Amino acid sequence: MTLPEKRPRAVAIMGPTASGKTAAALAIAARIPSEIISVDSALVYRGMDIGTAKPSRAELAAVPHHLIDILDPLDSYSVAQFRLDTLRLVADIVGRGKLPLLVGGTMLYFKGLADGLDDLPGADPALRAALEDEAAKVGWPAMHARLATLDPATAARLKPNDAQRIQRALEIIELAGRPMSELLAQREHEELPFALQSFALEPSDRAVLHERIARRFDQMLEGDALLDEVEQLRRRGDLHPGLPSMRCVGYRQAWEYLDGHIDYKAMRETGIIATRQLAKRQLTWLRSMPERIVIDCLQADATAQILARLDA
């Protein structure tokens with residue numbers, strides 16, 4: 001009888017923003033020959049370094065990184081593309097005799113990787129433009145109300161001003177003739193070709209994480225670094241606030257400030273609040289992943305705890 005071949009191992013380091021994922025991954029890579037695959041929907045964009053807390057040049061040079069600086073901010077990156085890229089990269093990294101470290105906080109990417117690709121139709125630029133034009137006239141809450149009549153399950157999990165996801169859900173209904181919730185329910189689970197050991201860096205005290213978030217946002221604002229970065233992006237002339245890249249936390253608020261819609265104080269406050277809300281959503285996603293190993297990110301030995309589990 002032929003025994004089944006043991007699947008190679010990959011390790012996921014998940015967690016909310018400001019939980020120390022990058023530092024933990026670099027410390028692990030210093031002990032175990034590894035390569036890092038970024039699981040972050042903002043780090044894919046070139047020219048967006050400050051507001052995304054992109055790893056420094058020294059950090060990028062210390063350990064091979066993947067899926068960072070691969071797209072122009074004018075472009076978009078899908079969960080399906082992330083999954084295809086990651087499957088290829090994991091195979092390549094394993095082939096080089098190293099440990100793949102999947103590091104980031106875009107939980108939708110982790111979920112898409114684990115659950116497999118869906119059968120959703122691709123984007124239709126003309127249809128998207130038509131939906132945007134309609135939303136400009138009636139507002140996204142009205143578009144959300146329409147979605148609620150066509151796909152109640154999807155609408156129930158979206159906020160009335162979540163333009164990007166409302167637009168996508170309506171686009172799918174138009175193209176597929178069926179609601180997105182129905183298509184996703186019929187998706188077949190596809191087993192990964194590697195064993196994924198998942199660690200979640202979660203705070204035992206949410207208030208401490210909030211302090212970290214505020215401190216990091218202030219660091220981004222020091223010397224007008226974030227504002228200068230966003231101003232440089234604006235000067236290109238082909239970017240606008242509706243793009244996925246410019247809807248990233250921090251960039252959206254900085255754009256509004258540079259447009260004169262809010263003052264500096266409001267920009268800082270709304271940026272910090274939006275980042276906290278992002279962290280809350282990330283933690284909600286994490287709680288739905290029972291297979292994760294929870295590590296308190298506020299403990300000084302958090303990385304040592306992960307290494308102990310990896311060595312076990």
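This text describes the overall form of a predicted protein model and then turns to an annotated site within it. Local features rest on pLDDT of at least 70 and side-chain atom pairs on pLDDT 80 or more, while totals for chains, interfaces and linings use all residues. Residues are numbered from 1 along each chain as its sequence is written, and side-chain values use heavy atoms, with hydrogens and water left out.

The protein has 14 helices and six strands, taken as DSSP runs (helices H or I of at least four residues, strands E of at least two) and numbered from the N terminus. Its C-alpha atoms fill a box of roughly 60 × 55 × 35 Å along the principal axes. Of the 312 residues, 44% are buried, that is, under 20% relative accessible area with a 1.4 Å probe, counting protein chains only.

The UniProt annotation "binding site", from an unreviewed entry, covers G15, P16, T17, A18, S19, G20, K21 and T22; such annotations may be inferred rather than shown by experiment, feature names are shortened, and positions follow the numbering used here.

Within this stretch, A18 lies in the loop between β1 (9-14) and α1 (21-31). A18 counts as buried because its relative accessibility is 11%. Beyond residues up to four places away in sequence, A18 touches L209, R212, I213 and R216, where contact means heavy atoms within 4.5 Å.

K21 lies in helix α1 and is buried, with a relative accessible area of 12%. Leaving aside neighbours within four places in sequence, its contacts include I13, V103, G104 and L201. A polar atom of the K21 side chain lies 2.8 Å from the backbone oxygen of P16.

Definitions and conventions: Buried means under 20% relative accessible area, exposed over 50%, partly exposed in between (1.4 Å probe, protein chains only). A polar contact is a pair of N or O atoms within 3.5 Å; within protein, one must be able to donate a hydrogen and the other to accept it, and residues adjacent in sequence count only if both atoms are side-chain atoms.
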